[in-house]
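Trainee: Could you take one part of this model and go through it closely with me? I'd also like to know how it sits within the rest.

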Amino acid sequence: RANAMSDKNMPETLNIHNQPTPFLLLNRDKLERNVARLRQHTDRLGVPLRPHLKTVKSVEAARLILSNGNGPATVSTLKEAEAFAAAGCHDLIYAVGIAPQKLPRVVALLNSGTDISVILDSVEQAQAVAEFSRQTGVAIPTLIEIDSDGHRSGVAPGDPLLIEIGKILHQQGAKLRGIITHAGESYHCKTLPAHQAMAEKERAAAVACAEALRQAGLPSPVVSVGSTPTAHFSQDLTGVTEVRAGVFTLFDLVMEGAGVCQTADIAVSVVATVIGHQRQKGWIMVDAGWMAMSRDRGTSAQAVDQRYGVVCDMAGQPLADLLMVDVNQEHGILALRPGSQQTLPELPYGSRVQILPNHACATVSQHAEFAVVRDGSDDIEACWPIFRGW
């Protein structure tokens, strides 16, 4: 590591009070509890879980998340796919619409023994995948993305485009695997009935599209659904073959605001040092800005806006109404929530805080490693590398 762990002047035992800030802190026990919670739910419904590893981007963390070493798993970049494949995870879905220049890397993974599926939602993509399959003699496994909630991309249920794409893949050289969907609108649900309704909407759309393919004489062995909220609040997964979710491993303030988790379940935080005060403004300055936290403002659309993060003491307990209200590249500004009747806490120069992120995936991607601790311990038991890039 090109940091303090290789510095001969640093103490042998790193802990959260002497590791140079800002750094990314991961509570391994919380991670393991979060994984066990969702796995128990999907097991109860009789459907396997295919975790999305984009949240952690770490081989060591993935070993705690996957049911066994070789998957199944989901990734959001081919860099992730290649790294996890090299570590022995050989059952993957690359869950971003495929771009033509990425197909050689997909085929290289297939030829090396990794079963990786791509996803798409257009005739142009299907033609490109089918043509490259013919050129290389490798039938590329493919899932057709369904738009189950109007959130992002995908083919709308009932659109004849579904069958047109399916025929191109199945008849022109690729391997049609079935249907995939992601109910991203679930992040905006505010009540338990709304979450449950969204989960059923996601399931019903995916199952209906898979059945439409089958009625057209096309295969659909895979019916893949999932977002962290729908995965947790699903009540019936009839017709579904797997559930995907990612941020459930670490959780964050957006998931807390959506009612999926409690603040105490959030397994990751950024540790920062107080570097100054602007007392006349009611500000406390820390050495973590958007380079450490990200600029994600996902809670701004929720009932409680957490700005750039909730500030906690070094035991992980939130400090009443104290938020990271603004960020520059390497500066963070802590202040009380607007309208708060609390008193600004006394945080002396050099003291430390933990800041809970809005979006765990975005914050993790800002860092090179996790500093890993256990419940009730200040000692850093390991540093797990995080890989970045595409």
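Mentor: Happy to! Buried residues make up 53% of the 390 residues in the protein, where buried means under 20% relative accessible area, exposed means over 50%, and partly exposed lies in between (1.4 Å probe, protein chains only). Do keep in mind that this is a predicted model, in which local features need pLDDT of at least 70 and side-chain atom pairs count only at pLDDT 80 or more, while totals for chains, interfaces and linings use all residues. Residues are numbered from 1 along each chain as its sequence is written, and side-chain values use heavy atoms, with hydrogens and water left out.

The secondary structure comes to 11 helices and 17 strands; these are DSSP runs numbered from the N terminus, with helices being H or I of at least four residues and strands E of at least two. The radius of gyration is 22 Å, close to the 21 Å that the globule rule gives for 390 residues, so the protein is as compact as a globular protein of that length. That radius is taken over C-alpha atoms, and the rule is 2.2 Å times the number of residues to the power 0.38. Along its principal axes, the C-alpha trace spans about 70 × 50 × 35 Å.

Now for our strand, β8, which covers residues 222–225. Val-222 and Ser-224 point one way from β8, Val-223 and Val-225 point the other way, and all are buried. On one side, three bridges join β8 in parallel to strand β7 (residues 175–181); two strands pair if DSSP finds at least two bridges between them. Here Val-223 is the bridge partner of Ile-179. β8 also pairs in the parallel sense with strand β9 (residues 242–245), over two bridges, and there Ser-224 stands opposite Glu-242.

Stepping out from the strand, let's look at links across the chain. Residues 24 or more positions apart account for 65% of the contacts with a separation of 6 or more, a contact being heavy atoms within 4.5 Å. Ile-380, in the loop between β16 (369–373) and β17 (382–385), is buried, with a relative accessible area of 12%. Leaving aside neighbours within four places in sequence, its contacts include Leu-14, Ile-16, Phe-23 and Val-372. Thr-77, in the loop between β3 (73–75) and α3, counts as buried at 5% relative accessibility.

Next, the rings. Rings of Phe, Tyr and Trp (its six-membered ring) pair if their centres lie within 6.5 Å, with planes under 30 degrees apart counted as stacked, over 60 as edge-to-face and the rest as tilted. By this rule the count comes to one aromatic pair. The rings of Phe-84 and Phe-387 have their centres 5.1 Å apart and their planes at 70 degrees, so the pair is edge-to-face. It links distant parts of the chain, with Phe-84 in helix α3 (residues 78–86) and Phe-387 in the segment after β17, 303 residues apart. Both are buried.

For contrast, Gln-341, in the loop between β14 (332–336) and β15 (352–356), counts as exposed at 75% relative accessibility.
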